[in-house]
Amino acid sequence: MGSGGIGLLNLVIALVIGLIIWRASISMIRLLGTPPPEVDPEDVVDVEQDYKCTVCGTEVTMTVQNVSEASPPKHCREEMVPVWRP
């Protein structure tokens, strides 16, 4: 295979990589352009609950929560555990 074949192979590889990057970029832009789901104000209630991450120790206080989505927040890809304060 001569030097012309190597140049053509490099061009094809560059085009494939460029196409992959382009498709990923378009997907990310579409994802960012999608609006968040609508939340019914009647489904949101006031709470005062502390949670702690079991992996890194980060703590967060929830002040409002959606009653239809009552799962604990996630941190470090794990669900946080409730912390009970007197």
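Buried means under 20% relative accessible area, exposed means over 50%, and partly exposed lies in between, using a 1.4 Å probe and protein chains only. The structure here is a predicted model, where local features need pLDDT of at least 70, side-chain atom pairs count only at pLDDT 80 or more, and totals for chains, interfaces and linings use all residues. Residues are numbered from 1 along each chain as its sequence is written, and side-chain values use heavy atoms, with hydrogens and water left out.

**Overall build**

- The protein has 1 helix and 5 strands.
- Helices (H or I, at least four residues) and strands (E, at least two) are DSSP runs, numbered from the N terminus.
- Read from the N terminus, the order is α-β-β-β-β-β.
- The C-alpha trace spans about 80 × 30 × 15 Å along its principal axes.
- The radius of gyration is 24 Å, while a compact globule of 86 residues would have one near 12 Å.
- That radius is taken over C-alpha atoms, and the globule rule is 2.2 Å times the number of residues to the power 0.38.

**Contacts and surface**

- Of the 86 residues, 8% are buried.
- Take the contacts (heavy atoms within 4.5 Å) between residues at least 6 apart in sequence: 28% of them join residues at least 24 apart.

**Charges**

- There are 6 positive and 11 negative side chains, and the centres of the two sets lie 16 Å apart.
- Lys and Arg count as positive, Asp and Glu as negative; His and the chain ends are not counted.
- Each charge is placed at NZ of Lys, CZ of Arg, CG of Asp or CD of Glu.

**Cysteines**

- A disulfide is a covalent bond between the sulfur atoms of two cysteines.
- Here the term requires a pair of cysteine sulfur atoms within 2.5 Å.
- The whole structure contains 0 disulfides.
- C53 is in none; its nearest cysteine sulfur belongs to C56, 3.8 Å away.
- C53 counts as buried because its relative accessibility is 4%.
- C76 is in no disulfide either, and its nearest cysteine sulfur, that of C56, is 3.7 Å away.
- C76 counts as partly exposed because its relative accessibility is 38%.

**A residue in the helix**

- S27 sits in helix α1, which covers residues 3-33.
- With a relative accessible area of 48%, S27 is partly exposed.
- S27 and K52 are 25 residues apart along the chain, and 34 Å separates their C-alpha atoms.
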